[in-house]
Amino acid sequence: DSFSGGSIINEGLFLKSGGTNTASVIPFFANTGTVSIQSGTLAVAGSGSSQGGVFQGNGTVALTSGTFTLNGGILTSNIILNGASLTGSNGVIHGTWRWTGGSLAIASTLTVAPDCVLIVAGDNNANYELYGILTNAGKIWIQSGNLRCRGDYVGLLINLPGAVVDAQGEVSVAAYSGGLFVNQGTLLKSGGTNATRIEPFF
């Protein structure tokens, strides 16, 4: 809990070793060390940042509100973007990320590394907003909900050579007021019986 701000700076090990329910971190949470969630969920319920940090364990880290800033690489097997705004000018994500809520922020420049799978797995027919620039060098799996490029800001999706954007269900790459999808890799539709729409300039 926190009152009128406060911060947690983790340069070592932040451990959740027990409990199946959700534990919340409400102060600003700055991580350059390791966050290990062995069971249940750790909700980062205020803003935070990570620079070269590691998130691991059988449990889940949920970014639920505020703004979370990535600087440099971050390795994870268990992060869910679920309500927060993800930003950073040079953030590189490794491992497995799930995106079920929240957005990729205005002025963000983020990269999906070759060893990363970014899974869009939100509500059917909901839009998951890309306001900044997202460069994919790995895999983006759109399973449920639409990845929407917001051309009223930047809304740029770049799929590099060797990378894959895979529409795995009744999903689309949507657009609002423009947007741009630059495909230099593979655009795959592996699932869903209806048409997948590519709405940004392609």
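Predicted model: local features only at pLDDT ≥ 70, side-chain atom pairs only at ≥ 80, totals over all residues.

Me: Let us begin with the secondary structure. How many helices and how many strands does the chain have?

Reply: The chain comes to 0 helices and 22 strands.

Me: How does the radius of gyration of the chain relate to the globule rule?

Reply: The chain has a radius of gyration of 17 Å, and the globule rule gives 17 Å for 202 residues, so the chain is as compact as a globular protein of that length. Along its principal axes, the C-alpha trace spans about 45 × 30 × 30 Å.

Me: How many side chains of the chain are positive and how many are negative?

Reply: There are 7 positive and 9 negative side chains, and the centres of these two sets lie 6 Å apart.

Me: What share of the contacts joins residues at least 24 apart in sequence?

Reply: Taking contacts between residues at least 6 apart in sequence, 29% join residues at least 24 apart.

Me: I turn to the aromatic rings. How is a pair of them described?

Reply: One gives the distance of the centres and the angle of the planes. The structure holds 4 aromatic pairs. One of them is formed by Trp-99 and Tyr-128, with 6.1 Å from centre to centre and 75° between the planes, and it is edge-to-face.

Me: Which parts of the chain does the pair of Trp-99 and Tyr-128 tie together?

Reply: Trp-99 belongs to strand E12 (residues 91-104) and Tyr-128 to strand E14 (residues 127-130), so the pair ties together parts that are 29 residues apart in sequence. Both Trp-99 and Tyr-128 are buried.

Me: Why is the pair of Tyr-131 and Tyr-153 edge-to-face?

Reply: The ring planes of Tyr-131 and Tyr-153 stand at 80°, with the centres 5.2 Å apart, so the pair is edge-to-face; the angle must be over 60 degrees for that label. Tyr-131 lies in the loop between E14 and strand E15 (133-136), while Tyr-153 lies in the loop between strand E17 (146-150) and strand E18 (156-159), so this pair ties together parts that are 22 residues apart in sequence.

Me: How accessible are Tyr-131 and Tyr-153?

Reply: Tyr-131 is buried, with a relative accessible area of 16%. Tyr-153 counts as partly exposed, at 43% relative accessibility.

Me: Where do Ala-107 and Ser-177 lie, and are they buried or exposed?

Reply: Ala-107 is in the loop between E12 and strand E13 (109-121), and it is exposed, with a relative accessible area of 62%. Ser-177 is in the loop between strand E20 (173-176) and strand E21 (180-183); it is exposed as well, with a relative accessible area of 52%.

Me: Where is Gly-40, and what does Gly-40 touch?

Reply: Gly-40 is placed in the loop between strand E5 (34-37) and strand E6 (41-44). With a relative accessible area of 19%, Gly-40 is buried, because buried means under 20%. Leaving aside residues up to four places away in sequence, Gly-40 touches Lys-16, Gly-19, Thr-20, Asn-21, Gly-59 and Thr-60. From Gly-40 to Gly-59 there are 19 residues in sequence and 5.0 Å in space, C-alpha to C-alpha.

Me: Which strand holds Thr-87, and is Thr-87 buried or exposed?

Reply: Thr-87 is found in strand E11 (residues 73-87) and is buried, with a relative accessible area of 14%. Beyond residues up to four places away in sequence, Thr-87 has contacts that include Phe-68, Leu-70, Ile-106 and Leu-110.

Me: Finally, where does Arg-197 lie, and how far is Arg-197 from Asn-21?

Reply: Arg-197 lies in the segment after strand E22 (186-189) and counts as exposed, at 52% relative accessibility. Arg-197 and Asn-21 are 176 residues apart in sequence and 38 Å apart in space, C-alpha to C-alpha. Not counting residues up to four places away in sequence, Arg-197 touches Val-171, Ser-172 and Val-173.

Key: Residues numbered from 1 in each chain as written. Heavy atoms only, no water. Helix = DSSP H or I, 4+ residues; strand = E, 2+ residues; numbered from the N terminus. Buried < 20%, exposed > 50% of the residue type's maximum accessible area, 1.4 Å probe, protein only. Contact = heavy atoms within 4.5 Å. Phe/Tyr/Trp six-rings, centres within 6.5 Å; stacked < 30°, edge-to-face > 60°. Rg over C-alpha atoms; globule rule 2.2 N^0.38 Å. Lys, Arg positive; Asp, Glu negative; His and termini not counted. Charge placed at Lys NZ, Arg CZ, Asp CG, Glu CD.
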